[in-house]
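My entries follow in the order I made them.

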Amino acid sequence: MSEFSDSEVDRIMTGRPPSSYGSMHSSDDEDDDDFEEPPLKQPETRVRLYRSESPETAITERTQTHQSSIYQGGPYLRPQSIVHKDASSARHEEPMTLDQSEVQSVRTDRALNEEMEMEVQPQRDQQEQPKESAAMEVQEERSEEPIDDFDEVVVHFDEPKEPPPPPPEGAGLQFLHRHNSLTLRHVLRSMVNSLSQLRPSEMAYYKRGLNFHSKFKKNYSKIADINDALDMADKMIEICGLGEALHHTVRNLDNIGKEALSKSLRKTCRRALLLYDLKICHDRRYYSLYEGRCRPGQQRYISDVYVEPVTVIRGRRDPVNLENEVQNIPYTIEETTIRAADIFCPLPPEQKPIRTVMMTGVPACGLSVAVNKFIVDWMEEKTNQDFQFVFPLPAKELHYSKGRDLSFLEEITCHFSECEDIRFIEKEDCLCLFIIDALEVCRHPLDFENNESLTSVRTKAKIDVLLTSLIKGTLLPNARVWITSHVSAAHRIPSNLIDRYVELRGFTDAKKEEYFTKRTTEPELGRMVFNQMKRSKALEIICHLPLFSWMVSFLFERGFQDPDYGKHPPGITAFYSQYIVVQMNRTFEKYRGCNVEAQKWTDEDKTFLDMMGKMAYRMIQEGRDWFNLEDLTSVNLTYEDLRTREELTTEVSRTSDDKSTWIFKFVHVTIQDYMAAMHVFVAFRKHAKNLFISTQMSWLQGTNKDRPVIELYRPAIDRMLASPNGHLDMFVRFLIGLVTPGTEDNLRGYLLNHRHPKAKGTEDLVKYINKKMKENIHPDRYRNLELCLVELEEGKDQEPRR
């Protein structure tokens, strides 16, 4: 960028403030010689920015006047004062914020112009003094010295001495003042500097090129008669915003053959251009959200459905919610709740900045959706505007460059083509955020002990070395790193490299209601769904998982199309059946891919579900809700089987590298109950085995797969009624719910054959339940038998929904 001389800086900033977005045309008596193109490499811009009164604006705004001085560090601009005007003439997409202490009284055009003329005239006289000219020549020589400018040219401003004002509520944090190269003043001046070097004929071609863009085509009448560079830049920003106006300026300069001006503007506003390109890229990728599985045409705008789960700074509490209808676990451990936008904000006692954050949670808690929402809020300038750039690096995509040696800059370019050769990210004033999402699917070893530590983004190495260097902080120490992971993979990052652990807990009761009413365009329908969900205590509890809330909402919304659907609360077994299928399919997408072949269920997948159910049934018999690798081995499964199908379970404890100490749980205790019931039911219906009969009498069991189901349910109900603490209540309810036609059909093609005979003897089952209810049993067991009848009666008329 060509440097401004003292007189030129004063003349530019005195003529008309850069923060006014009103339409201000120059008068016809402007001197055309001011717009002649100077010779190439001329370091100063002869632009006359003083204009007479605009016919369209009665009151003008005068912002900061500047004085320029030449020191050894180059020219810098010292802000002095700001005159504020009526905000009605400043309609634009990216407003410039002015401090109240800098606002002065509003002046009329005539009084303002008279004062401006008095200030400009002495500066014009000083420009002719030889002493000043000599200083300018010295500055020109210095500007031509070769320096490593990290491929950008930045005009240096004085940083404000006062600390930045506290951000408004919900706006995130502010580490630093907004970088000068991203401010309105810098971008506007750079655009004016380039456009002012166009001749009148070139300006005409430039405006004609803008006519091809949709936003300018319908507003072409507003720019057709503008010949002034500042007016043109001002009007462009007013029409389409700061970033897009800069983007169109660079492209149009290339189109009219002004490659030198385009290159200079590109280097001068490198960060602003990259910011605009990144936001366009993020908008395409993160603004839409797929709930459940990715299906074309089923995406939703994330802002229309997102409700923020509870986020806490991790304490000592179990990540799994152990509450169910039978037992209510009181949590006495107090945890610090934090907003997702403030995870990098130090708490009051903390002094050290938070560089690396690990966010964990059980499957289906919404980790990836939280990342999407964070990026969208940053893109829309709602939160975390102190981050100049946000670079999501999904762990699933990091293996694409596996086996090749790349520099960190080249690795970023693989994900974002707009970021080619952005060496300025190494500067201390470039605050970036790198998001490594879904660490559990990262295929790299992340060997922190043996990998070398890189310090330059231009040094080539394996991707594993790049990642470990970034997380350790030797590479880009001023950047911030956010890692999301299931609990089972969080141990891959040494704890001494993590500054803060946070967890997503899921929805509270208030959040559930907000979600059900927000995700539908009919609030009344959302309230009906919420009220229907609350009629089932089991659904109300499990809906703390956002994914389960989506399933319940989706199925209920479809169900309410039937006028008689809401008369009785539906059974819960069908929801759990759908949940298992959806989670398995999500696992296939994550670890295998989205193509048709990868989505097919294999015999190994069906065996995995059956064996996990077998293990869950053993756990229920033993009265525990956890398992270890020894339990997996007992059902012929391995840790690798569990790791690659982890959407149903989570790791809760890993005290050492000794695998015998690793403890796992299902994501909720009711998932364990359902898996156990599914195993018992499939064994009876598919293999004619009644697991409630002792092994000594197993020889009495025949091979008839069409046996009456009462043979299975009579001993199951008897055991449930004999349970002193009700630990079999949910298990029996799921077991009975699976026999209904609508629910059993959900298993066909997965664990049952497509052409399987329908169950017989359900009438006898209803009679047996009614008989037991007439006996003097515990009130809780009586209530559970009533719910078992609900599963049966509602399930008879329920069609399978996929």
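**Overall counts**

I began with burial: of the 802 residues of the chain, 56% count as buried (buried means under 20% relative accessible area, exposed over 50%, partly exposed in between, with a 1.4 Å probe and protein chains only). The model is predicted, so I noted that local features need pLDDT of at least 70 and side-chain atom pairs count only at pLDDT 80 or more, while totals for chains, interfaces and linings use all residues. Residues are numbered from 1 along each chain as its sequence is written, and side-chain values use heavy atoms, with hydrogens and water left out.

I found 29 helices and 14 strands in the chain; these are DSSP runs numbered from the N terminus, helices being H or I with at least four residues and strands E with at least two. Of the contacts with a separation of 6 or more, 73% are between residues 24 or more positions apart (contact means heavy atoms within 4.5 Å).

**Core**

Which residues have the most contacts inside the largest nonpolar core? They are Tyr579 and Phe731, in a core of 204 residues. Such a core is a set of buried Ala, Val, Leu, Ile, Met, Phe, Trp, Tyr and Cys residues joined through side-chain atoms within 4.5 Å. Helix 24 (residues 669–687) gives the largest share of this core, 10 residues.

I then listed the partners of Tyr579, leaving aside neighbours within four places in sequence: among them are Pro363, Ala364, Leu545, Phe548, Met551 and Ile671. I followed Ala364 next, which is in the loop between strand 8 (356–361) and helix 13. Ala364 counts as buried because its relative accessibility is 8%.

**Helices**

I checked helix 4 (residues 184–195): its 12 residues reach 16 Å from first C-alpha to last, close to the 16 Å expected at 1.5 Å a residue. The expected span is 1.5 Å times one less than the number of residues. Helix 4 is mostly covered, with 12 of its 12 residues buried; these include Arg185, His186, Arg189 and Asn193.

Helix 9 (residues 242–255) and helix 11 (residues 270–286) pack at about 110 degrees, with axes 9 Å apart. Helix 9 is therefore roughly perpendicular to helix 11 (under 35 degrees is roughly parallel, over 145 roughly antiparallel, 65 to 115 roughly perpendicular and the rest oblique). Axes are lines fitted to C-alpha atoms over the stretch in contact, and angles run from 0 to 180 degrees between N-to-C directions. Gly243, Glu244, Leu246, His247 and Val250 in helix 9 meet Ala272, Leu273, Tyr276 and Asp277 in helix 11.

**Loop residues**

Most residues other than glycine have a negative phi, so I looked for exceptions. Asn384, not a glycine, has a positive phi of about 50 degrees. Asn384 lies in the loop between helix 13 (367–379) and strand 9 (389–392), and counts as buried at 1% relative accessibility. Leu476 also has a positive phi, near 55 degrees. Its loop runs between helix 15 (463–472) and strand 11 (480–486), and Leu476 counts as buried at 7%.

Last, I looked up Ser488, in the loop between strand 11 and strand 12 (500–506). Is Ser488 buried or exposed? Ser488 is buried, with a relative accessible area of 12%. Beyond its neighbours within four places in sequence, Ser488 is in contact with Tyr639, Glu646, Glu651 and Arg654.
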